[in-house]
Amino acid sequence: MKKNILIVFLFAYCIACNSDEQEKVESQQVDQEIEIAFDKAKWKTKEGKSYPFREKMLNGVVYNDTIRTLNKTQLIELPGEPDYIRE
């Protein structure tokens, strides 16, 4: 009888761990679907103090091989003049 209870608990534990992994995979898929390509008009869109599209474009900008080859002047011209510059 004790063996049956132990088996049931182990089975329940394995199922619980497996569902956590599935949730992580689904969460990553949702994050990937949210990403959008760089668009200058959307990049400049400002709502209050925030820019709603920039976070969604971030990976596309950071990991873009074309953008990585541009110099500072070209980088500023592409999205437009910044609101402020950090030193």
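Let's start with M57. At 0% relative accessibility, M57 counts as buried. Keep in mind that this is a predicted model. M57 sits in helix 3.

Now look across to I34. Along the sequence, M57 and I34 are 23 residues apart. In space, their C-alpha atoms are 9.1 Å apart. I34 belongs to helix 1.

Is I34 buried or exposed, or in between? The relative accessibility of I34 is 41%, so I34 counts as partly exposed. The cut-offs matter here: under 20% is buried, over 50% is exposed, and partly exposed lies in between. M57, at 0%, therefore falls in the buried class.

How far apart are the C-alpha atoms of I34 and K56? They are separated by 6.4 Å. Along the chain, I34 and K56 are 22 residues apart.

Step back to the whole chain. There are five helices and zero strands. From the N terminus on, the order reads α-α-α-α-α. The chain has 87 residues, and 7% of them count as buried. M57 is a buried residue.

Next, the start of the chain. M1, I5 and F9 form a nonpolar patch on the surface. Together they have about 390 Å² of accessible area. I5 lies in helix 1, which covers residues 2–34. I5 has a relative accessible area of 41%, so I5 is partly exposed.

How much space lies in the largest pocket? About 650 Å³. There are 21 residues in the lining, and the closest to the centre are W43, R54, P79, G80 and P82. Which elements give two or more residues to that lining? They are helix 2 (40–44), helix 3 (54–62) and helix 5 (72–77). Helix 5 gives the largest share, three residues.

What is the lining made of, by class? The count is 12 nonpolar, one polar and eight charged residues.

One link to close on.

Definitions and conventions:
Residues are numbered from 1 along each chain as its sequence is written. This is a predicted model: local features need pLDDT of at least 70, side-chain atom pairs count only at pLDDT 80 or more; totals for chains, interfaces and linings use all residues. Side-chain values use heavy atoms; hydrogens and water are left out. Patches are made of residues with over 30% relative accessible area and no salt bridge: like charges are joined within 9 Å, nonpolar side chains (Val, Leu, Ile, Met, Phe, Trp, Tyr) within 5 Å. Accessible areas come from the Shrake-Rupley method with a 1.4 Å probe; for residues, only the protein chains shown count as cover. A salt bridge is a side-chain nitrogen of Lys or Arg within 4 Å of a carboxyl oxygen of Asp or Glu. Helices (H or I, at least four residues) and strands (E, at least two) are DSSP runs, numbered from the N terminus. Buried means under 20% relative accessible area, exposed over 50%, partly exposed in between (1.4 Å probe, protein chains only). On a 1 Å grid over the protein atoms alone, a cavity is a set of points where a 1.4 Å probe fits but cannot get out, and a pocket is an open set with protein on both sides within 12 Å along at least five of seven lines; lining residues have an atom within 4 Å of a point. Grid points are joined across faces, edges and corners, and a volume is the space filled by probe spheres set on the points. Ala, Val, Leu, Ile, Met, Phe, Trp, Tyr, Cys and Pro count as nonpolar, Asp, Glu, Lys and Arg as charged, and the others, Gly among them, as polar.
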